[in-house]
Amino acid sequence: MRKLRQTDRFGIARFTRVFVAVGLTAVLLQSNSWAQETKDKKAVPETSCEKPAAEKKDPYAWQELFDGKTLKGWKVPEFGGEGEVTVKDGTIVMEMGNSMTGITFAGKPPKNNYELLVEGSRLDGSDFFATTTFPVGENCCSLVTGGWGGTVVGLSCIDFYDASDNFTTKFFDFKDKQWYTFRIRVTDAKIQAWIGDEQFVDQPRKGHRIGIRDEVDLCQPLGVSSWDTKAALRKIRIRRLKPAEIKAEAAAAAKDEDK
């Protein structure tokens, strides 16, 4: 009986040694596996699921107000007797009305310190074809393009005087079916306007009453219209002036006042 117990003791001891050896082997194998996984993870660069931050838009870049396909963002005002307004071949076509036809921007344009660009063409008729109404502070004004028989350019209205009868009055020989670029700049000091690269308007704001004619009332605050004329518009863009530009304009205006 004693021998049997001694044999059992030796058997248990062997069993224990085998069990411990197997356990240590398992631990070593698991440890090696973890080490390999860690090594593999380090070898592969980590990737983030987060989307990269969106690029910041330049707040002073030109913004397209016409998408070239639809009148999205625009309204067609009911002047009474207006012609049809459609989009064709990347242009806005304003048919000849009796008398006014136009479009009005449905958004909120800046009131000061901005530039506006409009490309227009007179397709038929003999009066203004891309007269642009735009904000000037809390008021509005219009750059008349080819009014009063087709040649008058100027601002309506300055001190209650029309583009045909104030200090901004100029004359330009517009050709039918030719594209013209009109650029308007409004600062705290001035209203300026160009046809192509030629400046036609340089009107100080201080001490002057800025307004519009009643006919373009429905084009406020920003719109383009024609009078007894079929017209096309191709580009309509706007941008805010940079602080440096505003500062330079103010300095130039102050210098002009000192003269």
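This is a predicted model: local features need pLDDT of at least 70, side-chain atom pairs count only at pLDDT 80 or more; totals for chains, interfaces and linings use all residues.

Residues are numbered from 1 along each chain as its sequence is written, and side-chain values use heavy atoms, with hydrogens and water left out.

**The chain as a whole**

- The protein chain has 2 helices and 15 strands; these are DSSP runs numbered from the N terminus, with helices being H or I of at least four residues and strands E of at least two.
- Of its 259 residues, 38% are buried (under 20% relative accessible area, with exposed meaning over 50% and partly exposed in between, using a 1.4 Å probe and protein chains only).
- Take the contacts between residues at least 6 apart in sequence: 63% of them join residues at least 24 apart, where a contact means heavy atoms within 4.5 Å.
- The accessible surface of the protein chain is about 16,100 Å², and carbon and sulfur atoms account for 54% of that (Shrake-Rupley method, 1.4 Å probe; for residues, only the protein chains shown count as cover).

- As background, most residues other than glycine have a negative phi, and most peptide bonds are trans.
- The bond from Asn98 to Ser99 is cis, with omega near 20 degrees, and Ser99 lies in the loop between strand 4 (91-94) and strand 5 (100-105).
- Another cis bond runs from Gln220 to Pro221, with omega near 0 degrees; Pro221 belongs to the loop between strand 13 (198-204) and strand 14 (223-227).
- Lys177 has a positive phi, near 60 degrees, and sits in the loop between strand 10 (170-171) and strand 11 (179-186). Lys177 is exposed, at 64% relative accessible area.
- Asp228 has a positive phi too, near 50 degrees, in the loop between strand 14 and strand 15 (229-240). With 31% relative accessibility, Asp228 is partly exposed.

**Aromatic rings**

- A pair of aromatic rings is described by the distance of the centres and the angle of the planes.
- There are 10 aromatic pairs, counting rings of Phe, Tyr and Trp (its six-membered ring) with centres within 6.5 Å; planes under 30 degrees apart are stacked, over 60 edge-to-face, and the rest tilted.
- One of them is Phe128 with Trp227, a tilted pair with 6.4 Å between centres and 40 degrees between planes. Phe128 is in the loop between strand 6 (114-125) and strand 7 (131-136), while Trp227 is in strand 14, so this pair links parts of the chain 99 residues apart. Phe128 is buried at 11% relative accessibility, whereas Trp227 is partly exposed at 26%.
- Phe174 and Phe182 also make a tilted pair, because their centres are 6.1 Å apart and their planes meet at 55 degrees. Phe174 is buried at 4%, and Phe182 is buried at 2%.
- Ring pairs join Phe174 and Phe182 into a cluster with Phe129, Phe172, Tyr180 and Phe200.

**Charges over rings**

- Arg183 has its charged end over the ring of Trp194, 3.9 Å from the ring centre; to count, NZ of Lys or CZ of Arg must be within 6 Å of the ring centre and within 35 degrees of the ring normal.
- Arg234 does likewise with Trp179, its charged end sitting over the ring at 4.2 Å from the centre.
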